[in-house]
Amino acid sequence: MLEHLRSKPASLDSRSSGDSASSAAPHEAHVFWMQKMDITPFDFSYLGTLLQQAYTDWHAQRKPHSDRSSIIYNVWNTEGICMGQGNEGAPLLDVHSTVMQCLETGQAQSLRGTTENGEYHLMAEPLFSRTNKDMFAVFTAVTYEQHRDETSEAVVRSEALHYRTCFYRRFEYIFMTDLLHAHEQTAREEHRRSILFQIVQRMHDKMDVDAILDEVFDSIDYLYPTTCMTLYMSQDQSSLNPRIKPLLVHERGEDICVQSFMEGKLIVVRSDEGEHRILEVGLPLKGKQGIYGVFHIEMNEELMEDSDLQLITMMADTAGTAFENAKLHEQSNMLIQELRLINDLTQRLNKSLQLMEIYQFSEQELKDIFQAESCCILQLNDSTDHFEVMSSNVNELGRKSFPMDYGIAGLLYQTEEPLILSNYAKYDRVSSVFMDLTGSMSLIASPLRVNGEVKGAILLGHPKKQYFSYDNYRLLQMLSIHIGLALSNATLHAEVRRLANLDMLTGLYVRHYLDSVIHERQAHEFCGSLIVVDIDQFKQVNDTFGHQTGDQVLKQVSDIVTSSVRPEDICARWGGEELAIYMPQIGARQALEYAEIIRTRVAEETRPSVTVSSGIAEWNWMDEKVSVESLFYRADMALYDAKHGGRNRIVMEEQEVTR
């Protein structure tokens, strides 16, 4: 808000128009709104310029009172730095100490003493913000004995309030200026967008190359009349426009135009020319098929903002697309069809977050799109460094895996580039089980990237030679990007779901996941048991050893529980220091044996040593009521009996087991 402190208009020194009766109501509304705006302690370190400007305003308004000129007034910031006219008028006084005392106490200070100039009276008045009453400055006055009739503490307080008024008038002016600046920026941006929309509309309404390029020049000349722009074309393009010239790469060397053309991106170079700083821009004219030329632009950097450069870049991008459409009109139907195909495939891919579904769907769709006889999609397993077949219409491949440096997939992994083969019989760089099994002669293949890294490969084959075209090769490359994005989303979703179902401290499942598992098991199985484990006197452990040790104990118990049960059992943190184990397809008596193992191991292996109490409940399909809530309630009641029966014991519902 205070970052740009601008010059004050003359109207700030004049009487406010709100003093007139005709504008009283708007002025009151304005004042009421502005008084809600205030500084905060976060602004104090940036108030230096504002305090000085307010001091200048205040001093200028005091000029008619020349009889008070002998009094030395100053204003100090919250760091004890003088923001007024300095301390030249009272060089022998330690005004700073009084100011710091005022800042510390938040109260007015008064000090009398004697110097070589005679007796003096130093007064310091704190200045507070108008809303939160935060002290943001100190107003000081020094007068000597011969002028004591000219001032008093009341007068100084009045002058301090006058200065505070000048400060807030300056503050309100800055705030309003910022609002107006923001409004102007918004209006300017809206104007730019409107112009860009009109230019884009006109360009796409035209299918003539010269008309499109003329539109670019006319638009730049209209928006930036001082800009010099030339278009260097990379191909033969006859034009009557003198600003369109051939791009002779070998003759130009490594200048900005060649660099922009070769790299296909915006290049900006700044240089000084006399008193002006010149901005030289190389902007490629490119479409989806390639780069056709480079716009060379020279402009005065002082007259150009970043948003202007963005606008010109967007215009050039639009011109490139329009140019390409006009130049390659006969291929437009193919391009539209490809874009629709990519869009449809992406939408259908994004409907699924299951990895196997994405692999199977992609395999079928790619085979249909390219009319291939065989398709295989592989995924790199980081733990084994092998490519595994995830989906294929070649039954012999099944779930086979191959070393990461073998075959076509290994080649794609090494080069990170797609591949097209028209005759596999003459290709001796690598051998391929996929090509040999299917008898394919033609191949298009593309690496699958997940989060920017090659994590798989797509192989499409056909028995005919030279079956796949370059357009097929390019389209597969584009589709593989979207398939990789879908795989990335599915991988991230699976990881998020896994983390959402795990307790970060213990590594066990959370309760809601356990509830859902039990509910699912009760719908399809015949019986099961639930063990609820509670660490005895866990609060005492936290109080004695601290919560960090308590967390370590909870982790130790969790590890013991996990290692004491079967792989198919589900262990979860039920809440606090309570854990739960669901054991499918066994009764309470069998669950008791595991609970006893847990109880014994906890007492022997935990450090500091703790004990646990457990409650066990079971269900079977013949129960009158089968529900997750009922099972948890009965196990909880058994645990309650164990806790209140002496701890370090196990209780089955309606039966206690003491160990």
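Predicted model: local features only at pLDDT ≥ 70, side-chain atom pairs only at ≥ 80, totals over all residues.
Local features need pLDDT of at least 70 and side-chain atom pairs count only at pLDDT 80 or more, whereas totals for chains, interfaces and linings use all residues. Residues are numbered from 1 along each chain as its sequence is written, and side-chain values use heavy atoms, with hydrogens and water left out.

**View 1. The protein chain has 18 helices and 22 strands.** Helices (H or I, at least four residues) and strands (E, at least two) are DSSP runs, numbered from the N terminus. Of the 659 residues, 44% are buried, that is, under 20% relative accessible area with a 1.4 Å probe, protein chains only.

**View 2. The largest cavity has a volume of about 110 Å³.** Leu378, Phe402, Ser432, Phe434 and Leu459 are the closest to its centre among the 14 lining residues. A cavity is a set of points on a 1 Å grid over the protein atoms alone where a 1.4 Å probe fits but cannot get out; lining residues have an atom within 4 Å of a point. Points are joined across faces, edges and corners, and the volume is the space filled by probe spheres set on them. Two or more lining residues come from each of β10 (374-381), β11 (386-392), α11 (407-415) and α12 (433-438), and α11 gives the most, with 3 residues. The lining has 12 nonpolar, 2 polar and no charged residues. Ala, Val, Leu, Ile, Met, Phe, Trp, Tyr, Cys and Pro count as nonpolar, Asp, Glu, Lys and Arg as charged, and the others, Gly among them, as polar.

**View 3. The second largest cavity has a volume of about 40 Å³.** Its lining includes Val216, Met229, Phe295 and Ile312. By class, the lining has 9 nonpolar, no polar and no charged residues. At least two lining residues each come from α5 (209-223), β9 (291-300) and α8 (306-327), with the largest share, 3 residues, from α8.

**View 4. The largest nonpolar core holds 33 residues.** Such a core is a set of buried Ala, Val, Leu, Ile, Met, Phe, Trp, Tyr and Cys residues joined through side-chain atoms within 4.5 Å. Leu231, Leu285, Phe295 and Ile312 touch the most other members. The helix α8 supplies the largest share of this core, 9 residues.

**View 5. Phe295 is in contact with Val216, Met229 and Leu231, among others.** Contact means heavy atoms within 4.5 Å, and neighbours of Phe295 within four places in sequence are left aside. The contacts of Phe295 also include Thr230, Gly282 and Ala316.

Terms used
Buried < 20%, exposed > 50% of the residue type's maximum accessible area, 1.4 Å probe, protein only. 1 Å grid on protein atoms, 1.4 Å probe; cavity = no way out; pocket = protein on both sides within 12 Å on 5 of 7 lines; lining within 4 Å.
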